[in-house]
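Student: Before we discuss how this chain is put together, could we have its sequence and model side by side?

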Amino acid sequence: MFISYEFIAFIIGLFVLYYIIPKKLQQYLLLLASLGFYYCAGWTYLIYIIATATTVYLAGCYISRQDDSFERMAETASKEQRKMLKREFNSKKKTMMLLCLILNIGILAVTKYTAFVITNINHFLSADKEISVPDLIIPLGISFYTFQAVSYLLDAYWGKCKVQKNYPKFLLFVTFFPQLIQGPISRYGDLSKTLYGKHYFDRVMVGQGLQRILWGYFKKLVIADRLSPAVAELFDGAKHYTGGYVFIMMIFWAIVLYADFTGGIDITIGIAQMLGIRVEENFERPFFSKSIIEYWRRWHITMGTWFRDYVFYPFSISKPLRKLTTFSKNHFGMKVAKRIAVYLSTMVCWVATGIWHGAAWHFVAWGVVNGVVILISGELEPAYDKFHKKHPALTGSWGYKLFQVGRTFLLMCFIRLFDVYNSAKLAVRQFIHMFTDIFTCPVKGAKLLDMGVSVADYIVVAVGVVLMIIVSMCGRKERVSARLMRAPYIVRYVLLLTLFLATVMLGKYGSGIDAAQFIYNKF
């Protein structure tokens, strides 16, 4: 949808209407546009997202009423009575929260993971007893809007955000169309600050939004889509492409994934910005990270913070883990107890992250490997600190920092083999063959040109990658869009016109291009 002519016409029409209608009607126009956008993806999808929004809205209102009732009754109650009332109302709130949470996570689990579970059960059954796999509908962006709604539910339960009692407003928060396809996963406390206000045409914001959208299209159409045929060929012919081809595959996949995902996010943020709405950033130059921990603070930020706040922290302070920590402290000492708590919380968080990415064992393996590497990295931090203090001249040099960036980039590329290959066993095999077949399966230029990518394509992609690096470096202290708005008009005009022409002339187009082509749409 994002890269179809219909979507572009939809955005233009919405933009014009948005700024000419009365300001009090803007949020209702956005709601209508969001529901219409989702309806066009599939009318049955609309049932799922409205069910999620409605149940979470009602649960939030119930929680708010319990808080109000407690406040009224506590005014005339004694200290002991207030304690009893608080326990009673907290119990009601918790019951409602759990019911709503189980319902909506259950919808996500059933639609997305039923086939995976049944397929694995069938491995242990005889052929005549196998369970048939149902053909269930997986709504567009269900992981994203479910997580967004659940974050509101938990924040309302914990008292971290004010409950929204206006149903149309809450429905808009859940269904806001730019972020339905691939995020970001917005928090209610952040998105609501600008989502419901009266928005007046702001030339600077609209200009920056247009720049962001154009940059997103460039990355998606000129870089990701132009290089993706080579990735597909290397993946489909995994048995034949080993040795150096695996190394090339993981580099290509890193480029395609980054350009595709960040391109979509740029379009999302740009559309929202044109409408006067602020959506959280999802990337902060991740390939400039010097460690895997730093990388995950910069890559898919809203997903990482979601799992941190709603999985890692709650699990780390849960009663079972506290009991285990106490047991470990009494029998093995405080150091071991702390490590057990951190290790278990980290692994639970990363296994959940892997499962969220897809219903397959290779995604689970991807999550496990990420968690293990992060824990190892954390354990090595004291050694790193000693080395840095002992050799300040070396560790403070550009060469060493470049080494750290390159090391982190390659490490993440290795881990992504579990992402790109649809089998954990195949990913491990290809990783091993990358080293053992380096001489028996040498990379040949003729083969690289026989993958649906020409010499001209490789040149265009290489220039595009260099441009992405330059833009990332220029945006270290301030967004490039903000810097461009201060540049002389002629400079800004020439740069944006060049980018526009490059996207139109060099972008890879074809029939059937729609939102499904964005990699993260499947999540």
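Student: How are H8 and H20 oriented to each other?

Tutor: Helix H8 (residues 203–236) and helix H20 (residues 455–474) pack at an angle of about 140°, with their axes 10 Å apart; helices here are DSSP runs (H or I, at least four residues), numbered from the N terminus. Axes are lines fitted to C-alpha atoms over the stretch in contact, with angles running from 0 to 180 degrees between N-to-C directions. Angles under 35 degrees count as roughly parallel, over 145 as roughly antiparallel, 65 to 115 as roughly perpendicular and the rest as oblique. H8 and H20 are therefore oblique.

Student: How do the residues of the contact of H8 with H20 divide by class?

Tutor: This is a predicted model, in which local features need pLDDT of at least 70 and side-chain atom pairs count only at pLDDT 80 or more, whereas totals for chains, interfaces and linings use all residues. Residues are numbered from 1 along each chain as its sequence is written, and side-chain values use heavy atoms, with hydrogens and water left out. Among the residues in contact (heavy atoms within 4.5 Å) are Trp 215, Lys 219 and Arg 226 of H8, which meet a set in H20 including Asp 457, Gly 464 and Met 468. With Ala, Val, Leu, Ile, Met, Phe, Trp, Tyr, Cys and Pro counted as nonpolar, Asp, Glu, Lys and Arg as charged, and the others, Gly among them, as polar, the division is 13 nonpolar, one polar and three charged.

Student: How are H1 and H2 oriented to each other?

Tutor: The axes of helix H1 (residues 5–20) and helix H2 (residues 26–41) come within 10 Å and cross at roughly 165°. Their contact involves residues including Phe 7, Phe 10 and Leu 14 of H1, together with Leu 29, Ala 33 and Phe 37 of H2, and by class it has 10 nonpolar, one polar and no charged residues. From the crossing angle, H1 and H2 are therefore roughly antiparallel.

Student: Is Gln 27 buried or exposed?

Tutor: Gln 27 has its place in helix H2 and, leaving aside neighbours within four places in sequence, is in contact with Lys 169, Leu 172 and Tyr 196. Buried means under 20% relative accessible area, exposed over 50% and partly exposed in between, with a 1.4 Å probe and protein chains only. Since the relative accessible area of Gln 27 is 13%, this residue is buried.

Student: What is the relative accessibility of His 300?

Tutor: Most residues other than glycine have a negative phi. His 300, however, has a positive phi of about 45°, and its place is in the loop between H10 and helix H11 (301–316). His 300 counts as buried, because its relative accessibility is 0%.

Student: What is omega for the cis peptide bond of Gly 183 and Pro 184?

Tutor: Pro 184 lies in the loop between helix H6 (167–175) and helix H7 (188–195). The cis bond that joins Gly 183 and Pro 184 has an omega of about 5°.

Technical notes:
Helix = DSSP H or I, 4+ residues; strand = E, 2+ residues; numbered from the N terminus.
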